[in-house]
Amino acid sequence: MITFIIQRILQSVLVMLTVALIAFGLFRYVGDPINNMVGQDTSTEERAELRERLGLNDAFLVQFGRFAINAAQGEFGFSYQHRRPVSDLIVERLPATLELSLVSAILALFIGIPMGVYTAIRRNGAVSHAFMTLSLIGISLPTFLIGILLILFFGVILRWLPTFGRGDVVEIGGWTTGFLTASGLKSLIMPAITLALFQMTLIMRLVRAEMLEVLRTDFVKFGRARGLPDRYVHFVTALKNTLVPVITITGLQLGSIIAFAIITESVFQWPGMGLLFIQAIGEVDIPVMAAYLVLIAFFFVVINLVVDVLYYVVDPRLRVDRADSGGH
Amino acid sequence: MSLLDIKEMRVEFPSRRGHVVAVESLTLNVEPGEILGVVGESGAGKSTIGNAVIGLLEPPGQMTAGEVYLDGTRIDNLDDAAKRRIRGARIGMIFQDPLTSLDPLQTIERQLVDTIQMHLDLDQAQARARAVELLDAVGIPDPNIRIEQYPHQFSGGMRQRVVIALALCADPEMIIADEPTTALDVSVQAQILDLMKGLCRDRNVGMILITHDMGVIAETADRVAVMYRGRVVETGKTEQIMGTPVHDYTKSLISAVPRPEKRLHRFPLVTYIEDATELGDTLDLATHWLGQTRDYEGEDGDLLQADNLHMRFVTRHSFFAKHRLYLDAVDDVSFSIKTGEVFGLVGESGSGKSTVARMITGIYTPTGGTIRFAGADLTALKSRKEAAPWRRQMQMIFQDPFSSLNGRMRVRDIIAEPIHFHKMASSKDEAEQIVHDLLDVVGLGAQAAQKFPHEFSGGQRQRISIARALATRPRFLICDEPTSALDVSIQAQVLNLLKDLQQELGLTMLFISHDLPVIRQICDRVGVMRHGKLLEVAETENLFEDPQHDYTKHLLDLMPKFVGFQELTA
């Protein structure tokens, strides 16, 4: 298992280097960095000097190495637009995005899985049909539309919930949280639901399909034949056996929740990284874009690593070496 | 009153095209300590009985008539909760495939203890103690250690023992075993059958043993019920059914079972069973396309010669050579097959017999040794192109007729594919004609060409596989367990077909099987394999009459003895 984890970490490093290469290419070759940094009235000599000082005349590999090492330490240079270090901007915005993603993921899992189990067990029930129909809507409606409809209904007509922003936040050791204030929590509800809806329906449909598959297996039948009650068969035997594919998809989806929070953040003006990124695109703020790219890739890689380790926790067949299995 | 009484049971499966009656006016009874064998072919409704008794029919199936009594109490009309309390507690079930019957993600202990606590009022420690006791009773060594393991850490036979232990958790009075040994090797099968016989005797448990295997019935059951199309056609003492069957179907069924104790010219034709078509006599194979261009050089002597074959698989990969683990699937195997001969390879699962076949056909590249085919060294061939003419001359028939045909292709295209690939027909029309003739030869008729594989039964699909294999006019045919997925009556037909084709076309065959009676009927010489090694090669009759190697003797001893009923086959 340790060999496996080391292998995976090495692969992850490779993935990160590739993404860093793309980000570096973006930084170095999309437009001239010097032009982006200095004003119209800078002379050619000054530009050349700056170019030399920033190391832009060095060999490609040297430049890329410098970029990668800095990136590994969280240094992405200065934002053109904000005139501040990109790392500061990220640290400022990260908590907002992570809190929103976390709440969305929890919503998606804790509502999606039970709904999936329920629709699998009562396959032909009226409630199951209702869930399935609703989930179709959840999958087909675009996120921004759901967000706008929620704002219209709960924000504008009923005036129950704030329509934009994070509300009041509390700062704890550099981390700003909206969990501790009433307005923070209220602000979180609509964006979290908007972001969770698609994942929720996806997880529900996945769990349902897997459950139906597992309920047909011999060991479920054998469990019933030895008089185990339905509750046990469904939730102890069957649910655990559906988990491996669910973990895979959930892992990938968690990554995309963070990455695709962009749309939700724009709709609700949520001060997270997605919003930062959208603004950066508008202003051609390349260091911010490069940093965002690397950071999202990093999240994906870490989540996938965790998913791989979780396989081992769930499935004992992976834990022993294949050579030992089937012994007497 | 008996332990279990089934009276006039009728089970129906409603479907769009009317109700399918799976079981009709079935009446059976089982006494305590008795083993009742229920025998029949696939689709006869055997398994439905077991599921109906414990109230676990797959929806939409339902019992529409009849009564079931357990120890005098009617149980078929109980509500779901009451039925559940009977399942496991009073009636235990054992299923066919031990590899899929256990929850792969929970330890044996968890599964046993949870089942025990469901039925008996025991605390955790007492339940565990009982679980260990049960594992010990079903013959699992070191039960205290093994109980903490997961199912995948047990071999097939050991898993079936665990399944039996699970069925015994609450001391049921009655056990329904549905094909409990079908998925097991013959030596393991003998052990499991012994175990079940012992349990019935010692615990005075009544058992319904559902199987398609006459040998298992003959060895184990006290009484037998023969099922055909949902009805019991005959019941009686095992010796009576085996020795002097009354019903025609029983006679057909018994005569179709390959005889372990003597070699017959061909299998008796089973007339009672439908689609029993024999080889079409319409074609004179010797003058037909199929029989032509068979003037290969060097007709006499060895067609295939394997020398010191070796196949090693890496079972654990590691960067460091000393951490790697290997499995020698085939270890120093040498044999030769004469032209026109049927050579058998017999052995239990994992003995390496299929690996040998795969090396000959080129699916695996041997890690050592040479294969010479018609004088050419196949292991020295460099490219696929170079190998193609040799590959054309050898074809393979696989075990599972359901997965070895492409379900999205018409039968015509399936059979024509190798003809086109090897450019053996000059025109499309000629290829078409060849396909039709081939389908005639294997007894399906030309109209089968337009259909898709799913429209055929297992036996018919195996005929399609044979037609496809013949399409390249091979001289060497490799059959890897060609009939082990088929019912006995179908098996008899397919084996007859293979035998006829082999004789008429002068084919050389490598016939791989774990089934000794089948080997005896079809092979001229036999090699016995175990753990990748070839232990003994002998003429078939010599091997069965006078085995040399201890393992061969052991295998022959374990073969279910199926004697009686001599009149029909003599």
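The points below take the two topics in turn, chain by chain.

This is a predicted model. Chain A holds 328 residues, and chain B holds 570 residues.

**Fold and dimensions**

- Chain B contains 19 helices and 20 strands, whereas chain A contains 13 helices and 2 strands.
- A compact globule of 570 residues would have a radius of gyration near 25 Å, and the 26 Å found for chain B therefore agrees with that expectation.
- Taken along the principal axes, the C-alpha atoms of chain B fill a box of roughly 75 × 60 × 45 Å, while the C-alpha trace of chain A spans about 85 × 65 × 35 Å.
- Chain A is assigned a domain 1 covering 2-72 and a domain 2 covering 89-272, and the centres of these two domains, taken over C-alpha atoms, are separated by 37 Å.

**Contacts and burial**

- In chain B, 70% of the contacts between residues at least 6 apart in sequence join residues at least 24 apart.
- In chain A, 70% of the contacts with a separation of 6 or more likewise come from residues 24 or more positions apart.
- Buried residues make up 56% of chain B and 44% of chain A.

**Surface and charge**

- The accessible surface of chain B comes to about 23,900 Å², with 48% belonging to carbon and sulfur atoms, whereas chain A exposes about 16,900 Å², with carbon and sulfur atoms supplying 67%.
- Chain B carries 61 positive and 79 negative charges, whose mean positions are 5 Å apart.
- Chain A carries 25 positive and 24 negative side chains, and the centres of the two sets lie 15 Å apart.

Key:
Residues numbered from 1 in each chain as written. Chains lettered and ligands numbered in written order. Predicted model: local features only at pLDDT ≥ 70, side-chain atom pairs only at ≥ 80, totals over all residues. Heavy atoms only, no water. Helix = DSSP H or I, 4+ residues; strand = E, 2+ residues; numbered from the N terminus. Rg over C-alpha atoms; globule rule 2.2 N^0.38 Å. Buried < 20%, exposed > 50% of the residue type's maximum accessible area, 1.4 Å probe, protein only. Contact = heavy atoms within 4.5 Å. Areas by Shrake-Rupley, 256 points an atom, 1.4 Å probe, with all protein chains shown as cover. Lys, Arg positive; Asp, Glu negative; His and termini not counted. Charge placed at Lys NZ, Arg CZ, Asp CG, Glu CD. Domains from an automatic or database assignment.
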